[in-house]
Every structure is written in structure tokens, then in C-alpha cells.
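This report describes part of a predicted model.

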Amino acid sequence: MIDVAGDRFIDVTRSRVDVVSRDAAQRWNDFLRSRQKRAFYDPAGALAPWCADEYLLGHRAVCDHGLNYALAHGYLRGWHDGYEGDVQGGRAFVKLLKGALHVWGYG
């Protein structure tokens, strides 16, 4: 949001749960549509902001479930293989994402 004077940005994310909730739903739908079309170039690009939204909403378990789903179905393989020594299809990415979300104040 822009302040009344129109000269600076004000972060109202945490006070607009309705907007965060809509964004989370859109990010998850983007992930599902891409998954169905097998059109991933980087599924983490959809899952990372979705998890951030879920963390803001207090739904850490929902994020964990979605990440576990992506891992179990191989959606984090490929580009993420070998990332930080991870050869199991994205587990290192998930660990780094969760750590970053915590450091950034999401959970």
C-alpha cells in the first residue's frame, strides 16, 4: 500500500489476511495447473511464495504437506538435484526454504 502522502510503500501484508489467503490459493492453483501440464521449469518458483503465504496465515502444516507431496511425486527433481549435495530430488531445497522462511520472519 502507498501512504496517504503517496511517497512511500507501507507493508500491510500481515493485516490483510484476505489478500494473503487469495494469493496462497492462486499460487497453489498455479502449481497444480503446471503439474498437470508437466510444464514446470521450476516448481519451486510457485511453491516458495505459496509456502510463505501459508506460513503468514499460520498454516505451516499445509506448507509442509504441499512440499512433501511435491517431493514424493518428484516435482522437485531435476533442476534441484545436486543442489547443496542433494541427490534425492529437492530435500535440501525444502530444508533451505524452511530455514529462509524462519529467518525472514514468516514462521
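L67 counts as buried because its relative accessibility is 0%, and the cut-off for a buried residue is under 20%. The residue belongs to helix α3, which covers residues 60–72. Leaving aside neighbours within four places in sequence, L67 is in contact with L47, C51, V94, L97 and K98. One of these contacts, L47, is 20 residues from L67 in sequence, while the C-alpha atoms of L67 and L47 are 7.5 Å apart in space.

C51, another contact of L67, takes part in a disulfide with C63. The count for the model is 1 disulfide. A disulfide is a covalent bond between the sulfur atoms of two cysteines. Here the sulfur atoms of C51 and C63 are 2.2 Å apart. The pair links distant parts of the chain, with C51 in helix α2 and C63 in helix α3, 12 residues apart. The link of C51 and C63 is right-handed, with 95° about the S-S bond. Both cysteines, C51 and C63, are buried.

C63 is also touched by E54, a residue of helix α2 (residues 44–56). Not counting residues up to four places away in sequence, E54 touches A24, H59, R60 and V62 as well as C63. E54 is buried yet has no salt bridge. Which side chain of opposite charge is nearest to E54? That side chain is R27, and R27 is 11 Å away. A salt bridge would need a side-chain nitrogen of Lys or Arg within 4 Å of a carboxyl oxygen.

The distances given for these pairs are collected below.

| Pair | Distance |
|---|---|
| L67 and L47 | 7.5 Å, C-alpha to C-alpha |
| C51 and C63 | 2.2 Å, sulfur to sulfur |
| E54 and R27 | 11 Å, nearest side chain of opposite charge |

V94 and L97, both in contact with L67, are among the buried residues of helix α4. The buried residues of α4 are A92, F93, V94, L97, A100 and L101. These buried residues pack against α2 and α3.

Helix α4 has 13 residues, 91–103, and at 1.5 Å a residue these should span 18 Å.

Note on methods. Residues numbered from 1 in each chain as written. Predicted model: local features only at pLDDT ≥ 70, side-chain atom pairs only at ≥ 80, totals over all residues. Heavy atoms only, no water. Helix = DSSP H or I, 4+ residues; strand = E, 2+ residues; numbered from the N terminus. Buried < 20%, exposed > 50% of the residue type's maximum accessible area, 1.4 Å probe, protein only. Lys, Arg positive; Asp, Glu negative; His and termini not counted. Contact = heavy atoms within 4.5 Å. Disulfide = S-S within 2.5 Å. Expected span 1.5 Å × (residues − 1).
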